[in-house]
Amino acid sequence: MSTWSAPRRPCRALGLLLLVVLGFLVLRRLHWPRLLSPWLRHRQSGLHTKGQNFMLEDSTFWIFGGSVHYFRVPRAYWRDRLLKMKACGLNTLTTYVPWNLHEPQRGTFDFSGNLDLEAFSQPASRLLFWVTLEAASILQSQPNAFGFTSSWLLRDSGMMLRTTYKGFTEAVDLYFDHLMSRVVPLQYKHGGPIIAVQVENEYGSYNKDPAYLPYVKKALEDRGIVELLLTSDNKDGLSNGVIDGAPVLATINLQSQHDLQLLTIFLLSVQGVQPKMVMEYWTGWFDSWGGPHNILDASEVLKTVSAIIDAGSSINLYMFHGGTNFGFINGAMHFHDYKSDVTSYDYDAVLTEAGDYTAKYVKLREFFGSISGSPLPPPPELLPKTAYESLRPALYLSLWDALQYMEPPTISEKPVNMENLPVNNGNGQSFGYTLYETTIGSPGVLRGLVRDRGQVFVNTVFIGFLDYDRKDIVIPLIQGYTVLRILVENCGASTTGNNIDEQRKGLIGNIYLNNSPLKNFRIYSLDMKKSFFQRFSSSAWNLVPETPVFPAFFLGALPVALSPLDTFMKLEGWEKGVVFINGQNLGRYWNIGPQETLYLPGAWLDQGINQVIVFEERAAGPVIQFTETPHLGRNQYIH
């Protein structure tokens, strides 16, 4: 598979990598905030390097870590995942802090609920984890390029992301001003768990501006970051990702033992004798719609992890637990063909998408237990699963009938891309769908640039698609004037290569009928946030007809008699769409696979009646089924 053989992975958005390290201290049963004064007397040098070793104060320190992204895991399950990590023998937790989720509108910040970074650090500290932050990282494969493609950033037509372009650095400075006010008190030398900060991730593969890395380093230091600084790169970018003349430790990302040897030799040549750290050892890979489910054999993982540690290197497992791309936060790859990532971020990681144990977990726990020097705690029991009774949606609302309940459309002579729509307090649209309507009076060839996938309708009759491969479509003979509709889906921003500045979505520029540009558009923003569905009154819904008109919303009720449990939704007979449970966006489904079920956390269900809304684009099945086990496709790619 070409994407696996190319270690240059999808770029990661400006975010923060939290690297949490277990401290083997006497304070095992105590809560660290109560002990700040005694601890501070012993917190002078923090995590630093001494020859080939990491040192925490005066003790040699090895980092054995794993990645868990808090925004991909229901908040109620954070502690469960960290307990399972500790029982595996790991002493390091890494996570990203997604800029686009924390600052959905310019200057408006959200650190509540499942985005509560400080709350996520609390179970880590109670489990004696330390923390390392990665600032200005580019997230590999996902959440919509993690902030680099926030709609309000791309409203600037001249935007140059990951550079010292004034419009970008002003945005970074504002974000860092807010974020670092939360982070600085959590640093090790201030009595908290943060022991290091990563300046960038895989910037060497991008390398558009030599002044950018020094800018980020200074931006962190100016805001009070005093812990060890790091960078991280794969083999394609390592030579360009090192910050010259700066006390910043370079680390490496890889999958193969062959890369380990090459990269460590290079690091020795550029920074001398320093501790070796594989910041990301890729335990699996993410999946794309229409592709195989990627598998990495557990024995191969154990062999490589053992080789990395035998080589004297610290290690972080990316991912220990992948979780789920809830909502629309998945990204995409665009090497040669555009490929949107699936909702599941199972990643074939050490824990499954639902937090269950795997063969990798068993083998790695035995391995880390053999070198830990003390018995590991027992693994927590698995969270129970259930298969609820099948659900038959009772009510229905076609998209065309729903338009009357929407906010008034944007009226524009020309098409406007999602990011530049005058919605969300002038911040544009970052996720979901956008509907473009105009009037035409003749048949012909419709041609235009659509990002990412546009369904074309004449009145309410589906005609076909426009996307990366299909750039034109024949509009059939019509009588008189009629409504042309193009429903465009943002399938996820490409986080690969050098085109991250070009991730605007919707209709890009003019769209032509018989080479003449169409004009006078009505444009509806269908971001499908919670407030979107609150516009639908109970009287808006109708009984499901024998022959529904698509696209359409389907409404049903899931009764839960006892305490809610995890389950998986199976939409057999449905084609493509999005599922919402009690207002929570579970994510996309698509019958082309490889993902065949959607993970539904029991923590998001209520005892009693739960609202289920399905937005289906093309064809609805008779029922929604539930199962205790996920289905990730029969076609598997074994690395």
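Which backbone nitrogen does the side chain of Asn 234 reach at 3.0 Å? The backbone nitrogen in question belongs to Asp 236. The report below places this pair in the setting of the whole protein.

## Basis of the model

This is a predicted model, in which local features need pLDDT of at least 70 and side-chain atom pairs count only at pLDDT 80 or more, while totals for chains, interfaces and linings use all residues. Residues are numbered from 1 along each chain as its sequence is written, and side-chain values use heavy atoms, with hydrogens and water left out.

## Overall architecture

The protein has 14 helices and 35 strands; these are DSSP runs numbered from the N terminus, with helices (H or I) of at least four residues and strands (E) of at least two. Of its 639 residues, 61% are buried. Here buried means under 20% relative accessible area, exposed means over 50%, and partly exposed lies in between, with a 1.4 Å probe and protein chains only.

The protein exposes about 23,900 Å², of which carbon and sulfur atoms supply 51%; accessible areas come from the Shrake-Rupley method with a 1.4 Å probe, and for residues only the protein chains shown count as cover. Among contacts (heavy atoms within 4.5 Å) between residues at least 6 apart in sequence, 81% join residues at least 24 apart.

## Nonpolar cores

In soluble globular proteins, nonpolar side chains tend to be buried together. A nonpolar core is a set of buried Ala, Val, Leu, Ile, Met, Phe, Trp, Tyr and Cys residues joined through side-chain atoms within 4.5 Å. The largest such core has 117 residues, and Tyr 281, Val 305 and Met 569 have the most contacts inside it. Helix α7 (residues 166–183) supplies the largest share of this core, 8 residues. At least three residues come from each of domain 1 (57–372) and domain 3 (544–627), with bounds taken from an automatic or database domain assignment.

Leaving out residues up to four places away in sequence, Met 569 touches a set that includes Val 579, Ile 581, Leu 586, Phe 626 and also Glu 596 and Gln 625. Another core, of 25 residues, lies apart from the largest one, and Leu 399, Leu 487, Leu 555 and Ile 613 are among its members.

Glu 202 lies in the loop between β8 (194–201) and α8 (212–222), and Asn 234 in the loop between β9 (228–233) and α9 (238–241). Glu 202 counts as buried because its relative accessibility is 5%; Asn 234 is buried as well, at 0%.

A polar contact of 3.5 Å joins the side chains of Glu 202 and Asn 234. Such a contact is a pair of N or O atoms within 3.5 Å; within protein, one must be able to donate a hydrogen and the other to accept it, and residues adjacent in sequence count only if both atoms are side-chain atoms. The side chain of Glu 202 also makes a polar contact with that of Asn 253, at 3.0 Å. Glu 202 and Asn 240 are 38 residues apart along the chain, and their C-alpha atoms are separated by 9.2 Å.

## Asn 417 and the cysteines

Asn 417 lies in the loop between β17 (410–412) and β18 (433–440) and is buried, with 14% relative accessibility. Its side chain joins that of Glu 419 in a polar contact of 2.9 Å. Beyond its neighbours within four places in sequence, Asn 417 is in contact with Tyr 436, Arg 504, Lys 505, Leu 507 and Ile 508.

Cys 88 is buried at 0% relative accessibility, and Cys 491 is buried at 7%. With a disulfide taken as a pair of cysteine sulfur atoms within 2.5 Å, the count comes to 0 disulfides.
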